[in-house]
Amino acid sequence: MAQDTTLPKLNFEYWLDKAIEWGQATTVESQKDVCLHLTQLQEFLHQLYETIKHLGSTAAVQQFPLIGQLLGRLCWNPFVIGYDESQKTLMWCLCCLYSSEPQNAVELKANSWIRSLLCHLLSSSKWESNEAETSALISALGYTSADYYGHLVKNMVVSLVTELRENQFSGLNIQESIPASRVNTVSIFCVPLITLPEVTPLLETLLLYHGGSSKEILSSEFLEAVNEAFLKKKISLPESAVFSLWLRHLPSLEKATLHLLDQLLSIQLNSLEEVACVMKDSLLPQAASHPAIFRIVNEIFKNALMETNGASEVVTIIQVFTQLFLQAYQNENKKHKFPLKAYFPYHHQGLVRHLVRRPFELPTTYWSQHLKYISDMLKALVEDTNMSSFTDLLEIWFLVACFGEWLDVAAELLMKAAVEQDAVLWLLAFYYCPKNENQQRTQTLVEAQAVYGHLVVLLSCTDLSLRDLKAAVHRVTGIQQCCNPPLTTHLLTNFLLFSPGGHKIAQECIYHITETTDTSKEVSDILIRTAYRFNHSGEENQSTVKVLNELLQKFTLKV
């Protein structure tokens, strides 16, 4: 019975006849007639919207078979869409006709037609270039075309944002709540409008909107389009909106992470400050304060590291990301801070607590003891007979790699003879050779101990030459093929940085290393990481800083 009384009240046929009569209001007579009926037409459109908003697209068309013809004609009448809230109401009516899950070719075609109408409604350029009557109307109102349509879009966005926010906080008043299907439809209609600055408040509201449904109510096309526009710097969104986007749409988070990796690996970065700047600009380290985002990003980084066979530049990127995450985590309000276990749920929590303490947070006199704790706990875990697979070993190794700052500190302290060498050398050997199949790690450790033993002898030399250093290393590696060149390179580079004799031959030695071996990238990464650590720890050993600067310039870099 309710539907029977609705039809006469709406007087649908009358307004359809009027829309046909008016056309696009190209004559003076039709324009006057439209102006005389705008108030009543707006009231009719509002009643129509209230009638169909809970029906669904199929039921709405069944009740009003010619509704598409009516709305289509009105959308092309500049006087109608330029009046008060008529444009907004027309858009809402079109949203009600959109099939969120089209079942056949007819519904697909109807959806396409509706999308084109929405694009037309908000395309001021089309109106400005093709509708002389529109320009005349706008001029009569005292606006330029750009100003007028800018205000029109802003007013519509404000209205939609207000309605969504009021619905968000309407409690359990289900009768007045916006159906999830309509919110989904609105998100779809935003896709072609995403880069309009005036639409940004609506994008933010939609991204932060959560209805009563347990399923995602925003369309995947909308979420993907927003993420794409954000990554390409076509739009600017508040952090909260971006974080919500990545939390509710995993593909967008994955794409953002891979985009960051590609960006960092494809451009020439001269310092880790630049790496950190690019990372912060991506918002991923800040977003990683949420455990779900952190774990997903970390998993992507781990896969990238495996695919590149542990490339040093990927390791460096992961380490900087981890440091920035720790900064964001420490800045979190204690009331809202997640426990560390939420970020590292499958790792030994004692080891995690020691690794997350950054070196500059501790007095340098505590570094040696701290490293011994890390090495001892790590060794106990690795040598645990209950460790079931290489996958478990890989997880532990990746955790250590994320906090590689401590590995550089370990190599530095070795050259200062300020650490328990057995524990620290084992830590470095594990990092550079986590697997011990066929005694690989054991052999790496033996070689590292031998190299370090010869370097210790040279630490006290006041008149050191490149020949002396080459002879010392050759005694170990010359007899047989060096089993782990990256570890040897790490030790040698730190010897040059942190020993008085090494300072004198640093440039000559670095030139020799990079010209005769394929370790240029490893050496430059060590130097860049050390410079970054110095800049953030306040270390002021002038002699070391001078040598570091000279070596960085050797690689055409700037600190």
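**Figure 1. Helices α17 and α20 meet in a right-handed crossing.** The view is taken from a predicted model. Helix α17 spans residues 272-282, and helix α20 spans residues 312-331. Their axes come within 10 Å and cross at roughly 60°. This angle makes α17 oblique to α20.

**Figure 2. Residues of α17 and α20 form the contact between the two helices.** On the α17 side, the contact is made by Leu272, Val275, Ala276, Met279 and Lys280. On the α20 side, Thr316, Ile317, Val320, Phe321, Leu324 and Gln327 take part. By class, the residues of this contact divide into eight nonpolar, two polar and one charged.

**Figure 3. Helices α14 and α15 pack at an angle of about 130°.** Two packed helices are described by the angle between their axes and the distance between the axes. Here, helix α14 comprises residues 220-231 and helix α15 comprises residues 239-248. The axes of α14 and α15 lie 11 Å apart. The crossing of α14 with α15 is left-handed.

**Figure 4. Residues of α14 meet residues of α15.** Helix α14 contributes Leu223, Val226, Asn227 and Phe230. Their partners in helix α15 are Val242, Leu245, Trp246 and Arg248. The contact of α14 with α15 has six nonpolar residues, one polar residue and one charged residue.

Conventions: Residues are numbered from 1 along each chain as its sequence is written. This is a predicted model: local features need pLDDT of at least 70, side-chain atom pairs count only at pLDDT 80 or more; totals for chains, interfaces and linings use all residues. Side-chain values use heavy atoms; hydrogens and water are left out. Axes are lines fitted to C-alpha atoms, for helices over the stretch in contact, and angles run from 0 to 180 degrees between N-to-C directions. Helices (H or I, at least four residues) and strands (E, at least two) are DSSP runs, numbered from the N terminus. Angles under 35 degrees count as roughly parallel, over 145 as roughly antiparallel, 65 to 115 as roughly perpendicular and the rest as oblique. A crossing is left-handed if the near helix is turned anticlockwise from the far one by less than a right angle, and right-handed if clockwise. Contact means heavy atoms within 4.5 Å. Ala, Val, Leu, Ile, Met, Phe, Trp, Tyr, Cys and Pro count as nonpolar, Asp, Glu, Lys and Arg as charged, and the others, Gly among them, as polar.
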